[in-house]
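The structure is shown first.

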Amino acid sequence: MSLWGVIPFLLLVIFCAPIFIVLLSLLGNYSENWAHLYNFVLIDYVTSTVFLIAGVSLLVFFIGTITAWVVTNYDFYGKSFFEWSLILPLAIPPYILAYTFTGLFDPFGDANNLIRSIFNLGSDISVFPNVRNIYGAIIVFSFTLYPYVYLVSRSAFLNQSKPMKESARLLGLSEVGVFFKLALPIIRPAAIGGLMLVIMETISDFGAVDHFAIQTFTTGIFRTWYGMYDLQTAMQLASLLLIIVGIFFILERNSRDRAAFTANDSSFVPEDGIRLSKIKSSFLFLICFVPIFIGFILPITELTLWAFESKSSFFSQKFIQTSFNSISLAITAGLVTAILAVIINFSIRFKPSSFIQRLSSLLSVGYAVPGLILAVGMVQLLIYLDNNVLNSVDVVLTGSLFGLLLAYIIKTYALANSSVESGYERITSSMDDSSKLLGASGWSMLIRVHSPLLRTSFLTAILLVISEVVKELPATLILRPFNFETLAVSTYIYAAEERMYQAASPAIAIVLIGLLPIFFLSKMIKSSNK
């Protein structure tokens, strides 16, 4: 096997090692703590997780498909703005929206205090209900994750045939009927694919469910490890969650493979948009504005107010150090991950092989693994390496930045790979043939021919990874070195101590960094509509 075939194989071994270590715990001994969890709380973990998934799936599907349908098929005030701005909530991690919701809607939160002052109500009266429950969590996840469904649904609606919809209207279907009976069934594979991503994000979250004190698998794993000091039982719980995530991962892949959004012919005519009356136009404006308001404008406004009220310093030594830690880690992970993605995709092009192609596709499995599970497996892997491989060398991997960076790379490789993969689709095989005829070797072709053509895709891959790494909480909490804080960890610690105002500065920084890839994505959406 050549070097270009060995690299994907070695990476696959490294990427899958933490996952296999977690799964192997199922074959180990089961302690008394496992018996306690099995008899008293495991059912609660399962039911809470299932209920959370069901509620989020229903609300996300509703928001994502309806907003995508509205901006695709109707001409109303603000349409051009909503086409791209509906993806803005992706910049808000669920745990940050959970923190701002708590500060807003708690009995003595800003929203209740404002209503009491306006209407001169007593301090014992709360207008807004408590959000620290599973229903509040459903709202939080739904309004931060619906863009996954919106993006794929909008793309699918844009590809639908205009004559087909006009025929349905001529046959007597109302606009609501066209949506539910014709358009929605056709895009169902695409919408379900986006929904599977939402479900996996919901299952893997730790910050929001921990803040709302909801007993899900992720909080159970964390409490078993850090509360009972039982890593083996925590790994066994993680294995069960990993199996559930694996099922959704397979379903997502199958739904993507079967996705077919178009008719058999190619008679597509761009949709001009149905003109509406002022009342209907205002109604559609509200439909699109509410998700952006709840998922982006409201938390950003609240965080900004907290920052000003607490006179948070964005230039204090602690904030600068925390920001430096986050950004340096994110840039390093972004560069390494993007380079690996380029090398793997080049190996597929340079030495075409179905075996290598299958290996490279398996490398993306890390995006489906919750950060908490990845961290659990990584800790065991690093302990094994320290005790059995590096025991004679003055190097300690456990508790170092190496394990944290490796977890980031495994987790975000799929993001970088998708960007680089799309870049390679624009490089024709004739360019490779010409390079080989001119005597270019593998590395020479990669550096001199492919790299300049992949510049935009490479930069996009780095930005996507940076955005994801800065938001990552559970893996960072577990794998970071002692006294090493990132923006996500700092935000979590302040919120856990109910110091919401102090949490504003790092939270705003996370959101601003998360807006970088969204800015480029919005430009792509705008250009695709011209």
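Cys288 is buried, at 0% relative accessibility, where buried means under 20% relative accessible area, exposed over 50% and partly exposed in between, with a 1.4 Å probe and protein chains only. The model is predicted, so local features need pLDDT of at least 70 and side-chain atom pairs count only at pLDDT 80 or more, while totals for chains, interfaces and linings use all residues. Residues are numbered from 1 along each chain as its sequence is written, and side-chain values use heavy atoms, with hydrogens and water left out.

**Cysteines**

Cys16 also counts as buried, with a relative accessibility of 14%. The number of disulfides in the structure is 0, a disulfide being a pair of cysteine sulfur atoms within 2.5 Å.

**Helices H2 and H12**

Helices (H or I, at least four residues) and strands (E, at least two) are DSSP runs, numbered from the N terminus. The axes of H2 and helix H12 (residues 278-309) come within 10 Å, and they cross at roughly 135°. Here axes are lines fitted to C-alpha atoms, for helices over the stretch in contact, and angles run from 0 to 180 degrees between N-to-C directions. H2 and H12 are therefore oblique to each other; angles under 35 degrees count as roughly parallel, over 145 as roughly antiparallel, 65 to 115 as roughly perpendicular and the rest as oblique. The crossing of H2 and H12 is left-handed, a term used if the near helix is turned anticlockwise from the far one by less than a right angle, with right-handed used if clockwise.

Which residues of H2 and H12 meet? On the H2 side they are Ile63, Ile66, Thr67, Val70 and Val71, and on the H12 side Leu284, Ile287, Cys288 and Pro291. Contact means heavy atoms within 4.5 Å.

**Aromatic rings**

The whole structure contains 20 aromatic pairs. Rings of Phe, Tyr and Trp (its six-membered ring) pair if their centres lie within 6.5 Å; planes under 30 degrees apart count as stacked, over 60 as edge-to-face and the rest as tilted. For Tyr45 and Phe217 the ring centres are 6.3 Å apart and the planes stand at 45°, so this pair is tilted. Tyr45 belongs to helix H2 (residues 32-73) and Phe217 to helix H10 (residues 217-226), so the pair links distant parts of the chain, 172 residues apart. Both partners are shielded: Tyr45 counts as buried at 5% relative accessibility, and Phe217 is buried with a relative accessible area of 3%.

One aromatic cluster is formed by Phe76, Tyr77, Phe81, Phe82, Trp84, Phe285, Phe289 and Phe293.

**Helices H4 and H5**

The axes of helix H4 (residues 94-105) and helix H5 (residues 110-119) come within 4 Å and cross at roughly 25°. H4 and H5 are therefore roughly parallel to each other. Gly103, Leu104 and Phe105 of H4 meet Asp110, Ala111 and Asn112 of H5.

**Buried serines and a glycine**

| Residue | Helix | Relative accessibility |
|---|---|---|
| Ser57 | H2 | 12% |
| Ser204 | H8 (residues 175-204) | 11% |
| Ser467 | H19 (residues 455-471) | 7% |
| Gly514 | H22 (residues 500-528) | 2% |

The contacts below leave aside neighbours within four places in sequence. On this basis, Ser57 is in contact with Leu195 and Ile199. Ser204 is in contact with Thr218 and Pro370. The C-alpha atoms of Ser204 and Thr218 are separated by 6.7 Å, with the two residues 14 residues apart along the chain.

Ser467 is in contact with Ile513, Gly514 and Pro517. For Gly514, the contacts are Ala91 and Ser467. Gly514 and Leu463 are 51 residues apart along the chain, and their C-alpha atoms are separated by 8.9 Å.

**Helix H21**

How many residues of helix H21 (residues 487-496) are buried? The count is 8 of the 10, so H21 is largely enclosed by the rest of the structure. The buried residues in H21 are Leu487, Ala488, Val489, Ser490, Thr491, Tyr492, Tyr494 and Ala495. Glu498 follows H21 and has a positive phi, near 60°.
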